[in-house]
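Let us walk through this structure together, one contact at a time. Keep the sequence and the 3D view open while you read.

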Amino acid sequence: MGTPPGLHFLTIIIFIFLCLWTGVALFGAINPYYFWKVTQSWKALREPPKSYFIITRIISGVFAIIGLSILLLPHLR
């Protein structure tokens, strides 16, 4: 009695999504200026204030911690 094949496929998709989520969040936390350049600069007329990058770094760090927690949760039993 094994797991259904659809469930195994869904698990792989969720794992890939969480890895991408965590990677993008870490990228935003480590280098918020380049993250802004890649994602938002095309629609801006000028650079945002320094506080924007500080807030982006904090929020990205929180999302990275959430992603790592969910990824590591099964290994903490």
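Contact here means heavy atoms within 4.5 Å. Helices are DSSP runs of H or I with at least four residues, strands are runs of E with at least two, and both are numbered from the N terminus. By class, this contact of helix 2 with helix 3 has six nonpolar, one polar and one charged residues. The classes work like this: Ala, Val, Leu, Ile, Met, Phe, Trp, Tyr, Cys and Pro count as nonpolar, Asp, Glu, Lys and Arg as charged, and the others, Gly among them, as polar.

Before going on, please note that this is a predicted model, in which local features need pLDDT of at least 70 and side-chain atom pairs count only at pLDDT 80 or more, while totals for chains, interfaces and linings use all residues. Residues are numbered from 1 along each chain as its sequence is written, and side-chain values use heavy atoms, with hydrogens and water left out.

How are the helices arranged? Two packed helices are described by the angle between their axes and the distance between the axes. Helix 2 and helix 3 pack at an angle of about 95°, and their axes are 9 Å apart. That makes helix 2 roughly perpendicular to helix 3. The axes are lines fitted to C-alpha atoms, for helices over the stretch in contact, and angles run from 0 to 180 degrees between N-to-C directions. Angles under 35 degrees count as roughly parallel, over 145 as roughly antiparallel, 65 to 115 as roughly perpendicular and the rest as oblique.

On helix 1, Val24, Phe27, Gly28, Ala29 and Ile30 take part, and they meet Pro32, Tyr34 and Phe35 of helix 2. This contact of helix 1 with helix 2 has seven nonpolar, one polar and no charged residues by class.

The structure holds eight aromatic pairs. One of them joins Phe27 and Phe35 edge-to-face, at 6.0 Å centre to centre and 70° between the planes. Rings of Phe, Tyr and Trp (its six-membered ring) pair if their centres lie within 6.5 Å; planes under 30 degrees apart count as stacked, over 60 as edge-to-face and the rest as tilted. Tyr33, Trp36, Tyr52 and Phe53 form one aromatic cluster.

Let us look along helix 3 next. Thr56 lies in helix 3 (residues 50-72) and is buried, with a relative accessible area of 12%. Buried means under 20% relative accessible area, exposed over 50%, and partly exposed in between (1.4 Å probe, protein chains only). Beyond its neighbours within four places in sequence, Thr56 is in contact with Pro32 and Phe35. The backbone oxygen of Thr56 lies 2.9 Å from a polar atom of the side chain of Ser60. Ser60 is also in helix 3 and counts as buried at 9% relative accessibility.

Which residues does Ser60 touch, not counting residues up to four places away in sequence? They are Ala25, Gly28 and Ala29. Ala29, found in helix 1, is buried with a relative accessible area of 16%. Ala29 and Gly61 are 32 residues apart in sequence, yet 5.2 Å apart in space, C-alpha to C-alpha.

Finally, Arg57 in helix 3 is partly exposed, at a relative accessible area of 42%. Leaving aside neighbours within four places in sequence, Arg57 is in contact with Gly28, Ala29, Ile30, Asn31 and Pro32.

Key: Polar contact = N/O pair within 3.5 Å; in protein donor to acceptor, adjacent residues only side chain to side chain.
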